[in-house]
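Trainee: Could we go over the ligand site together, and then look at a pocket?
Mentor: Gladly; have the structure open while we talk.
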Amino acid sequence: MTKENSASQFKGKTVVISGGAEGIGLSIAKALGEQQMNVVLADIDDKNLQKARTELESLGVPVLSVSLDVADELQWQSIAQQAVARFGKIHMVVNNAGVGGDSGPIESQEKEGWQWALDVNLMGVVYGAKVMVPLIKDHGEAGWIVNVASMAGMGGVPYSGAYNATKAAVVALSEAWAEELKAAGIHVAVLCPAFVQTRIYDSERNRPTRYKSKTLNPDEESSFSKKAREMVQNGIEPALVGKRVVEALIEGERYIFTHPNYRQVVQHRFARIDEAFVNASKSPLLQHLVDQKLDML
Ligand SMILES: NC(=O)c1ccc[n+]([C@@H]2O[C@H](COP(=O)([O-])OP(=O)(O)OC[C@H]3O[C@@H](n4cnc5c(N)ncnc54)[C@H](O)[C@@H]3O)[C@@H](O)[C@H]2O)c1
């Protein structure tokens with residue numbers, strides 16, 4: 001099959017993209033719109049949502065824009081109903097909405113900041129899949145779930161425990177869902193970008209009051225977070241990420257990487273894990289398990 005033929009698999013189908021008002025989400029919306037998909041843009045930022053809708057419509061993409069806080073399952077159900085009412089079926093969900101969360105040493109981190117990162121970056125992805133999967137299964141046509149994690153989900157980055165934890169969880173649940181949903185014809189992919197020029201380091205703009213901590217002053221930026229902000233400013237163009245996602249979905253990739261130069265991070269991590277298994281296999285305590293048959297689900 002040529003790439004042109006395989007790309008047509010998206011034509012006329014419908015994608016729901018959370019956090020689609022700007023940044024990586026909007027770039028994916030544009031790239032899938034170019035593939036002639038109907039796009040449902042869902043975001044907590046109504047002003048940018050309208051701007052994004054106008055931009056996509058000017059490119060000829062059929063768009064429905066809906067207000068959504070991904071941390072609220074009921075709102076997901078409402079956008080699913082609106083999307084089906086407008087386009088008939090949903091084929092793909094891109095769980096992209098995310099926030100940087102608080103950064104700094106663990107002892108300075110407050111539970112409100114942890115909860116915000118967990119609710120948006122993790123539960124937002126869980127609800128997106130939980131609500132959309134039954135609708136995809138029902139029509140029985142091809143389906144896709146694309147979860148946006150990060151290179152931060154592939155290995156620990158100091159001073160950003162909550163962000164790391166949520167992104168590692170998104171990688172793990174994508175791997176679990178990829179196996180679970182294979183039989184239903186739903187392809188699950190996880191996008192793991194390194195630095196991309198977006199406003200992720202200004203996530204504070206979307207932080208609801210309930211997640212604001214009394215003790216943490218968001219204006220006091222740590223030197224770690226200043227450095228990370230600089231790296232985001234020098235990151236790749238968001239447009240490249242959208243195109244890369246389409247390319248990877250056509251190829252059926254499970255892990256979607258945007259920065260091949262970061263391969264050594266993963267190689268280093270797995271080399272250390274492998275080394276730890278060698279150590280375990282030499283332990284006198286564990287000799288009876290070394291050659292035992294593997295029990296896997
Ligand atoms: N920019 C990077 O360097 C980078 C790297 C790796 C992963 N990511 C991930 O990419 C995804 C997109 O982020 P981005 O870089 O485009 O940042 P961004 O801040 O430019 O865009 C995030 C979008 O999500 C929306 N959003 C925030 N909270 C929301 C909520 N509760 N409900 C619905 N929408 C919400 C925002 O309004 C915004 O439109 C995130 O999951 C982020 O963690 C970004």
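Trainee: Which polar backbone atom is 3.4 Å from a nitrogen atom of the ligand?
Mentor: That backbone atom belongs to Ile 44, where a polar contact is a pair of N or O atoms within 3.5 Å. This is a predicted model, in which local features need pLDDT of at least 70 and side-chain atom pairs count only at pLDDT 80 or more, while totals for chains, interfaces and linings use all residues. Residues are numbered from 1 along each chain as its sequence is written, and side-chain values use heavy atoms, with hydrogens and water left out.
Trainee: And what lies 2.6 Å from an oxygen atom of the ligand?
Mentor: A polar side-chain atom of Asp 43 does, and Asp 43 is also listed with Asn 96, Tyr 163, Val 196 and Thr 198 as coming nearest among the 31 residues around the ligand, counted if a heavy atom lies within 4 Å.
Trainee: What's the shell made of, by class?
Mentor: The shell around the ligand has 17 nonpolar, 7 polar and 7 charged residues, with Ala, Val, Leu, Ile, Met, Phe, Trp, Tyr, Cys and Pro as nonpolar, Asp, Glu, Lys and Arg as charged, and the others, Gly among them, as polar.
Trainee: Switching topic, which element gives the most to the lining of the second largest pocket?
Mentor: α6 does, with 4 residues, and α6 (161-181), β7 (255-257) and α9 (263-282) each supply at least two; helices (H or I, at least four residues) and strands (E, at least two) are DSSP runs, numbered from the N terminus.
Trainee: How does that lining divide by class?
Mentor: The lining has 8 nonpolar, 1 polar and 2 charged residues.

Conventions:
Polar contact = N/O pair within 3.5 Å; in protein donor to acceptor, adjacent residues only side chain to side chain.
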